[in-house]
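Open the model in your viewer and keep the selection tool at hand.

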Amino acid sequence: MKRTIALGTAALLASTSLASAEGVVNLYNWGNYTSPEMLEKFTAETGITVNVTDFDSNDTALARVRQGGHGFDIVVPTHSYLETWINEGLLMPLDKSIVVNHGNIAPEWTDVPFDPGREYSVPWQWGTTGITVDTAVYDGNINTADIVFNPPEELKGKINVVPEMSDVMAIAIYHAGGESCTEDMEVMRKVRDTLVAAKPHWKAMDYSTVENFASGDFSAGIGWNGATMRARFQRDTVAYGYPETGFPVWMDNAAVLADAQNPENAMKFINFILEPENAAMLSNFARYANGVAESDEFLSEDMQGAPELTIPEDLVSAGKFSEACPQAVNDLQSQIWTELLQ
Amino acid sequence: MASDPNQTEERHGWKWLLATPALIVLVLAASGPLMIVVLYSFLSPGNMGGVAWEFSTDAWFRVFMRRDIFDPENVTVNQAHLAVLWRSVWLSAQTTVICAVLGFPTAWFIATRPPGQRTVWLFLITIPFWTNLLIRTFAIQEMLRNNGTINTALMWMGVINEPIPMMFTDFAVLLGMAYVFMPLMVLPLYAAMDKMDFRLVEAGYDLYASRIAVLRHVILPLVKPGFIAGSILVFIPSIGAYVTPRVLGGGQKMMLGNLIALQFGQGRNWPLGAALAMVLLIITVTALVLYLRAVNRQEDKRDG
């Protein structure tokens, strides 16, 4: 009897070591953001299985990994948090002998301020926060934040603002003539007054924008480009505007954790998503642009040349990388936010 | 063998020892995290979330007071926090009343069915618990939205021409909360009615009491413990409710739960979040103490 158990254990041990030879990689990513099709392709090509765990905010992801004992290999933080991840030593530099596709990163996304030279991270998806408008309800200029902050009569009571403090604050600060994370109290006073005065004209501050724009419950608001595009697929009068006073640009980036259990597999995965065809699979699923050169031709037809994915040339300079503000500034913003939502 | 009282005591002592594993788990699982929350509320916010190990009472100060952002010399009561607190308490109280008003006839209906049928009705009451809260909340949203079930039906019947805006209103939040917490009111009410001696009701009628008089002087006093237990069970989760106000209320006005979540998320002020969570706990404990007092008074009255 004992021998059977011993044999069984040995067999079990053997089978686990076999499994780890085949390999796994544990991906910690935003929910509903990873193309299952692409994961299947990765497993078919490399024999490595990918386990995906979801997070719902940068703060959650950072707090969990800081605690240690998480068991993840790859994480996908937003650019504004990436410096914190790097500075706290939570990430491992990319092994360029495995990540041979490093050169596929589009030139404009290679030397980025949050990871100069892309030593630690590669693009996952990027997008902008701007103005969503149903042009059947309002047909004026949509490239202005006044749509939300000083709404025209026909949009009053039909506006939704996504409850993402840093994005909304950034648009309001640019609108008031300030810079990201400004400490200029005159600008902040203007921001507070504008927001407090505008809020009675808003209908909701909700994340579920796609279905509500498609159904006509919302007719304008602050939202993301990918979500707006998905709403447009269902209701073709929905359009996306880029506030000329300034709008936030963001990018989520994949990086390998310093305490990864499967660093080699993780590097292989990072290399895999830099293939244009695979990057396009990510975009086709998550509906945002990726930062990989020459992936456009692999995009699904409805996304090719979509106005939501290409910033008009005269407005490119208005796009600004949103920043994670210093604690004092963030505190100031969250006090204004609390006052707004009280 | 005549039992020696000392020996019995000793045996009880041993029995108590048997509970130690459970007690250790309780202490570690219940008070441990609580102590961490208390500790965090007296620290300073860390960089990008977390806490810095510096003692500070700033979080507690800010729960109730605020320094004007634009005029730091000007310290006033923190109206924003008090408004959120008051909204949570007020909405929970309203939810409790709605549940009581609708739950009483429901429980009465079940309690007056033949014994065999009661189980079926009780079973039906628990069915909503089979589905996740979030899914049920989204289902309500589907009913209430402008082109949702209710508006479509009313427009089809020609009752209204324009959809009635119901989503993202206080009405929607109240409806959702009352729906979610209703079983927690019905079940204790039913338990109280089940134990009730219906002969007392008949006696009341025999003594020429009107229906209203029987309800007020016989039934309500007898099911009062059920009302109290139900109110506590509804009030306590209501006050910390997060999902329902967020999904149905449109997130324009915060509840206490949302305010706490903001501090641990985008606000990046964990100490303030911890202090606010303690405030929530204090409200809950106060409600529970009031409940226990009420129950004790009830029992004293019965014994005396």
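**Stop 1: where the chains meet**

Select chain A and chain B: 23 residue pairs, both at pLDDT 80 or more, are in polar contact between them. A polar contact is a pair of N or O atoms within 3.5 Å; within protein, one must be able to donate a hydrogen and the other to accept it, and residues adjacent in sequence count only if both atoms are side-chain atoms.

This is a predicted model, in which local features need pLDDT of at least 70 and side-chain atom pairs count only at pLDDT 80 or more, while totals for chains, interfaces and linings use all residues. Residues are numbered from 1 along each chain as its sequence is written, chains are lettered from A and ligands numbered from 1 in the order in which they are written, and side-chain values use heavy atoms, with hydrogens and water left out.

Now show contacts (heavy atoms within 4.5 Å). Here 43 residues of chain A touch 38 residues of chain B. The two chains bury about 3,300 Å² between them, 47% of it on carbon and sulfur atoms. Buried area is the accessible area (1.4 Å probe) that two parts lose on being put together, summed over both.

**Stop 2: salt bridges**

How many salt bridges cross the interface of chain A and chain B? The rule finds four. It asks for a side-chain nitrogen of Lys or Arg within 4 Å of a carboxyl oxygen of Asp or Glu. Select B:Arg268 and A:Asp59: they form a salt bridge, with the closest N and O atoms 3.7 Å apart.

Over all chains, the structure holds 16 salt bridges. For another, pick A:Lys96 and A:Glu119, whose closest N and O atoms are 3.6 Å apart.
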